[in-house]
Amino acid sequence: MVRRTKEEAQETRSAILEAAERAFYERGVARTTLADIATLAGVTRGAIYWHFSNKADVVQAMLDSLHEPLDALAEACENQDEVDPLGCMRKLLIHLFHQVAIDPKTRRINEILFHKCEFTDEMCDLRRQRQVAMIDCNTRIELTLSNAIHRQQLPKTLDVRRAAICFHAYIDGLLGQWLLVPDSFELHKEAESWVDVGLDMLRLNPGLRTSDKTESESSSLQP
């Protein structure tokens, strides 16, 4: 009986998220109410509040579902014992681009995130959640880049913090542009090339190197 109750609760939660995805995609997040989602899902508003505190939590849960398939690759990138951290990150990003391009659900959720999610006063909780997520993503990229430096895949003089922010912005920019203007380039077919452009930026761009002053100061601190 308990198992059946848990199964029903999970089914209800899934139905709410599927309904929210449809509503957000059609109307945008700001114009969608929890009542709209409840009607589409065939549940009461009380059922929604049983699973989620507010609309921001619904959006965040929907976004979290995108990350689960990539978690194993992301953890490998950040693992200090990984012998090919850049290769892991390359594989992760190619997989991400392919999924966005060919999987309708992944594409819809990303379109909601990039182009249909307005940070109004009502959505201040979501804004804070997205800020935390962005900082966390930058930190995880920094870990990967540090591992790549340790494995001699990137220059020792790479400014890891600046490079992580720049690389993150590059990936987000590509996704945002393709989702808005999908005819501008073929994300699926060109995924490997676009990822390699970003990796070459990390390897070769002099603007992502530490300054001579910083290097000399660091050297002077060595015993």
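Biologist: What percentage of the 223 residues in the protein is buried?

Modeller: This is a predicted model: local features need pLDDT of at least 70, side-chain atom pairs count only at pLDDT 80 or more, and totals for chains, interfaces and linings use all residues. Residues are numbered from 1 along each chain as its sequence is written, and side-chain values use heavy atoms, with hydrogens and water left out. Buried means under 20% relative accessible area, exposed over 50%, partly exposed in between (1.4 Å probe, protein chains only). Of the 223 residues in the protein, the buried share is 37%.

Biologist: How many helices and strands does the protein have?

Modeller: Helices (H or I, at least four residues) and strands (E, at least two) are DSSP runs, numbered from the N terminus. From that end, the elements run α-α-α-α-α-α-α-α-α-α-α. The totals are eleven helices and zero strands.

Biologist: How far apart are the C-alpha centres of domain 1 and domain 2?

Modeller: Domain 1 covers 1-51 and domain 2 covers 53-208; the bounds come from an automatic or database domain assignment. The C-alpha trace of the protein spans about 65 × 45 × 35 Å along its principal axes. The two domain centres are separated by 28 Å.

Biologist: Is α6 parallel or perpendicular to α7?

Modeller: Axes are lines fitted to C-alpha atoms, for helices over the stretch in contact, and angles run from 0 to 180 degrees between N-to-C directions. The α6 and α7 axes are 5 Å apart, at an angle of about 95°. Angles under 35 degrees count as roughly parallel, over 145 as roughly antiparallel, 65 to 115 as roughly perpendicular and the rest as oblique. Therefore α6 and α7 are roughly perpendicular.

Biologist: Which residues of α8 does α6 meet?

Modeller: Helix α6 (residues 85-102) packs against α8 at about 140°, with the axes 8 Å apart. That makes α6 oblique to α8. From α6 come P85, L86 and M89; from α8, T144, L145, N147 and A148.

Biologist: Is T144 buried or exposed?

Modeller: T144 lies in helix α8. Contact means heavy atoms within 4.5 Å. Beyond its neighbours within four places in sequence, T144 touches C77, E78, P85 and M89. Its relative accessibility is 3%, so T144 counts as buried.

Biologist: Which residues is F119 in contact with, leaving aside neighbours within four places in sequence?

Modeller: F119 lies in the loop between α7 (104-115) and α8 (124-150). F119 counts as partly exposed because its relative accessibility is 40%. The C-alpha atom of V29, 90 residues away along the chain, is 9.0 Å from that of F119. The contacts of F119 are with L126, R127 and R130.

Biologist: What is the phi of Q152 near?

Modeller: Q152 sits in the loop between α8 and α9 (160-180). At 69% relative accessibility, Q152 is exposed. Most residues other than glycine have a negative phi. Q152 has a positive phi, near 60°.
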